[in-house]
Amino acid sequence: MASKCHYCKNHLSFSSKSASRYGSITNSLSSLAPAQVQRPAISATRSKIAVAVLCYINLLNYMERYTIAGVLLNIQNFFDINDSTAGLLQTVFICSFILLAPIFGYLGDRYNRKFIMIGGLSVWLVTATSSSFVTKTYFWFLVLMRALVGTGEASYSTIAPTIIGDLYSGAQRTVMISAFYIFIPVGSGLGYIAGSSIATLTGDWRWALRLTPILGTVGLILLIFLCPNPPRGAAETQGEGIVGQSTYLEDVKYLVKNKSFVWSSMGVTAMAFLTGALAFWTPTFLSRAQVTQGIRPPCTKEPCDTSDSYIFGAVTVVTGIIGVCLGSALSRCLRDKVPNADPLICAVGMLGSAPCLFMLIFLASTSIPATYVIIAIGETLLSLNWPILADILLYVVIPTKRASAEALQITVCHLLGDAGSPYLIGAISDAISVYKPDSYEWRFLSLKYSFLLCPFIGVLGGLFFLMTALYIAKDRRAVELLVEGKWAIFFQSCYILSFQNTKRNL
């Protein structure tokens with residue numbers, strides 16, 4: 001019987017409109033057949049522990065990314081650099097991230113995902129620690145180390161969500177993905193708070209860059225001993241797993257023909273542009289606003305007043321938790337009633353944040369408390385999207401291509417989003433401030449006018465998610481048919497062939 005099923009798996013093929021419309025995805029059932037070695041399902045307790053470890057590392061990833069923004073004023077004074085050069089620190093980090101993500105995506109769909117994450121995080125720990133020993137005459141070394149730090153996040157961000165997707169399905173997956181992505185705003189906010197706090201306590205901003213490597217060492221040990229590498233597609237196939245036999249070019253062709261994936265990726269790109277620009281520049285913008293209003297003196301020597309990093313970090317943490325929980329709850333409540341509820345929620349979040357962004361730009365020059373209220377509303381609306389976006393990718397892409405999908409989405413959204421937005425905002429600010437370079441008021445106004453680009457990007461992102469809503473129900477159903485429907489057909493066909501061959505032998 002086993003030999004006949006093996007014959008069936010390698011030679012029997014089925015075609016369908018739902019499959020062919022996504023290009024070459026290895027329509028033979030070899031791409032959807034179970035691994036020949038049966039693997040036991042991961043226990044519920046071990047799965048929860050694994051998610052907890054992954055969440056902890058995700059928290060550290062985003063703390064590390066925005067710690068440098070929390071001490072940006074100190075860095076600018078220490079190296080005597082302008083806005084565009086300061087923005088370059090974030091740009092090189094994201095650029096290395098997007099260059100390496102496709103490589104890790106390819107490896108993540110084909111090799112042991114746990115070992116890949118361990119390797120990437122090890123590089124991150126070494127380079128993040130090295131960046132904290134930079135001296136005043138070696139700014140280029142800080143730039144280089146920031147670029148190499150992207151290795152860790154490239155390996156982790158492309159693979160970790162797919163592991164959660166293989167541990168859980170349905171409503172449980174939505175909850176666990178929400179738990180994972182809630183640490184994006186929480187980690188970002190804590191990055192500002194931790195960075196500015198340590199810089200203030202020690203009087204040296206470089207100590208702020210040493211916190212996450214210390215905590216990251218603990219995360220690496222936990223990852224090694226507590227995180228499993230579940231079979232791909234285990235959650236949808238009762239622990240059996242799915243084996244893929246396609247080339248990377250076939251994976252890319254499949255993804256670019258998946259309309260829900262394409263449009264949602266464009267929406268993610270707009271969101272990345274906004275969050276990258278605002279996260280990097282908002283504390284500095286608010287600090288300059290207060291100098292203009294006479295609330296505080298300008299910073300001329302270290303340590304600078306980093307109270308805006310504290311407040312902005314705290315607001316980011318609170319609004320992130322509220323937004324992610326609210327987005328996840330809305331998704332679970334509406335998904336069964338409205339098939340395209342997920343992208344519609346994302347569209348509301350993006351479109352609703354646009355007027356908030358516009359108002360905060362002009363309120364900053366008159367009322368800092370009112371500006372923080374608007375920031376809180378805008379960040380809550382943007383945070384609605386974090387758990388939903390990950391869930392969309394997991395259910396519109398078949399299991400054997402999810403790491404590649406994560407990598408391709410990461411590459412596009414960061415390449416066109418937050419890789420360039422901090423530098424672009426800084427460059428526009430520098431171009432405007434050149435008319436009055438010695439005026440503190442003009443330095444604030446130049447950054448203010450450069451921020452005007454953000455509301456328009458928010459509206460554009462909302463339109464992309466509305467386009468996603470047109471296709472998502474059909475694309476999700478296509479994946480369900482491929483993974484579940486053909487799974488049943490496969491075993492039925494194996495049984496029929498085996499019965500016919502046994503009959504002939506008799």
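Which element gives the largest share of the nonpolar patch? In this predicted model, local features need pLDDT of at least 70 and side-chain atom pairs count only at pLDDT 80 or more, while totals for chains, interfaces and linings use all residues. Residues are numbered from 1 along each chain as its sequence is written, and side-chain values use heavy atoms, with hydrogens and water left out.

The largest share, four residues, comes from α20. The surface patch consists of Leu 344, Leu 351, Val 459, Leu 460, Leu 463 and Leu 466, with about 440 Å² of accessible area together. Two elements give two or more residues to the patch: α14 (341-363) and α20 (453-505). Helices are DSSP runs of H or I, at least four residues, numbered from the N terminus. Nonpolar side chains are joined within 5 Å, like charges within 9 Å. Areas come from the Shrake-Rupley method with a 1.4 Å probe.

Leu 463 lies in helix α20. Leu 463 is partly exposed, at 45% relative accessible area. Buried means under 20%, exposed over 50%, and partly exposed in between.

The structure holds 14 aromatic pairs. Trp 263 and Phe 464 form a tilted pair, 6.0 Å centre to centre with 40° between the planes. Trp 263 belongs to helix α12 (residues 259-292) and Phe 464 to helix α20, 201 residues apart. Ring centres of Phe, Tyr and Trp (its six-membered ring) pair within 6.5 Å; planes under 30 degrees apart are stacked, over 60 edge-to-face, the rest tilted. Phe 464 is buried at 15%.

Notes:
Patches are made of residues with over 30% relative accessible area and no salt bridge: like charges are joined within 9 Å, nonpolar side chains (Val, Leu, Ile, Met, Phe, Trp, Tyr) within 5 Å. A salt bridge is a side-chain nitrogen of Lys or Arg within 4 Å of a carboxyl oxygen of Asp or Glu. Buried means under 20% relative accessible area, exposed over 50%, partly exposed in between (1.4 Å probe, protein chains only).
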